[in-house]
Amino acid sequence: MAKSKFEYVRLFEREDRCLPNTWMVVRVDGKGFHRFSELHSFDKPNDSRALRLMNRAAVAVFREFRDISIGFGHSDEFSFVFRRSTEVYNRRSEKLVSLVTSLFSSAYVYYWGDYFGEEKLQYPPAFDGRIVLYPTDENLRDYLSWRQADVHVNNLYNTCYWNLVLHQKLTPKQAEDRLKGTLASDKNELLFKEFNINYNNLPEIFKKGTTMVRKSVQVNGKPMHAVIPLHCDIIGNKFWVDNPEILKCGKLPLVQIDESYEYFFNNINPFGVKFNGDKENISDVSS
Ligand SMILES: Nc1nc2c(ncn2[C@@H]2O[C@H](COP(=O)(O)OP(=O)(O)OP(=O)(O)O)[C@@H](O)[C@H]2O)c(=O)[nH]1
Ligand SMILES: [Mg+2]
């Protein structure tokens, strides 16, 4: 086909392929969620509905991009780790960031009602996105550890802060002053002594965030691909020893169903699966 005289403008486009054989991490983060959470009456400091909605939106991204091997999210952010060998969209960073971010945002809106019921969305929320490359497994683990350590630091602070404001009626400034210069042990003690809260007993999702993994799950004797949100420690070695396929990008191991987890299956219908368990715990996302 003859080229138009305008064709040369293509030369202005830049090559944006990510380096081969590196872990590609796309992280999305809610824009202005400080205001968004206020406007939509999120529970303080943690809103379970909001966290579960974030996880649901992340599952939508996992379903679309099969080369994501692990994800991690908390608050208004979620990170998606693409296997180092992936050739998805020729590893084009702009394609990947824009697709992950827009799919995450639209899924967040699409599933809003499932988690927030009558609470209406007041305006269309937006998420920003970025991509960062990590050359070694150690770098990747340190990245994920960094995000999980952040959950703990923020959650401990926010739990103290909001208890001081909501239950001791301190002003935001007074609460900030009260917490200035305190160590983690001071905050644990404050929670225990003044609010009878044992930090260790708070829900794991608040303390550890959500680690999203894939497994092959044995259901009625048949293997089914599932995406599973976990709320466990990923800083220590145990998680990586128990789940070696994540870094090796190997075949998904076949695991037995554990009713204490939530499972998101790609397609539940062909197997005619019926669960007796709580629908909350075992979710079908085939729709
Ligand atoms: N009450 C409540 N607020 C939350 C919850 N999750 C997130 N947020 C709010 O969302 C904010 C997220 O932090 P940031 O991403 O740093 O702040 P942001 O307002 O989104 O600002 P930008 O990301 O820079 O646009 C927190 O500071 C909280 O104000 C929640 O479960 N409950
Ligand atoms: Mg934000």
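**Exercise 1.** In which sense do strand 2 and strand 5 pair, and over how many bridges? Then work out the other partners of strand 5 in this predicted model.

*Solution.* 
Step 1. Strand 2 covers residues 68-74, and its pairing with strand 5 is antiparallel, over three bridges. One residue pair to look for is F72 with T211, the latter lying in strand 5.

Step 2. Turn to strand 6, residues 222-230. Strands 5 and 6 run antiparallel and are joined by nine bridges. Within this pairing, R214 has V227 of strand 6 as its bridge partner.

Step 3. Turn to strand 7, residues 254-256. Here the sense is parallel, with three bridges to strand 5. Q218 stands opposite Q256 of strand 7.

**Exercise 2.** How many residues lie between strand 5 and strand 6 in their hairpin, and which turn residue has a positive phi?

*Solution.* 
Step 1. Strand 5 comprises residues 210-219, and strand 6 comprises residues 222-230.

Step 2. Two residues separate the strands of this hairpin.

**Exercise 3.** How many of the ten residues of strand 5 are buried?

*Solution.* 
Step 1. Apply the cut-off: a residue counts as buried if 20 or more other C-beta atoms lie within 10 Å of its own.

Step 2. Seven of the ten residues in strand 5 are buried, so the strand is mostly covered under this cut-off.

**Exercise 4.** Which residues come nearest to ligand 1, and which element gives the most to its shell?

*Solution.* 
Step 1. The shell around ligand 1 holds 16 residues, of which F33, H34, S37, F42 and D47 come nearest.

Step 2. Assign the shell to elements. Strand 1 (23-30) and helix 1 (33-39) each contribute at least two residues. Helix 1 gives the most, with three.

Step 3. Sort the shell by class: it has six charged, six polar and four nonpolar residues.

**Exercise 5.** What are the helix and strand contents of the ranges that UniProt lists as 6-135 and 138-220?

*Solution.* 
Step 1. An unreviewed UniProt entry gives residues 6-135 as "domain: tRNAHis guanylyltransferase catalytic". Over this range the chain is 36% helix and 22% strand, with its end C-alpha atoms 39 Å apart.

Step 2. For residues 138-220, the unreviewed UniProt entry has "domain: Thg1 C-terminal". This range is 66% helix and 12% strand, and its end C-alpha atoms are 38 Å apart.

Conventions: Residues numbered from 1 in each chain as written. Chains lettered and ligands numbered in written order. Predicted model: local features only at pLDDT ≥ 70, side-chain atom pairs only at ≥ 80, totals over all residues. UniProt positions renumbered as here; feature names shortened; annotations may be inferred. Helix = DSSP H or I, 4+ residues; strand = E, 2+ residues; numbered from the N terminus. Near = placed C-beta within 6 Å. Nonpolar A, V, L, I, M, F, W, Y, C, P; charged D, E, K, R; others polar. Buried ≥ 20, exposed ≤ 12 C-beta atoms within 10 Å, placed from the backbone. Pairing = 2+ DSSP bridges.
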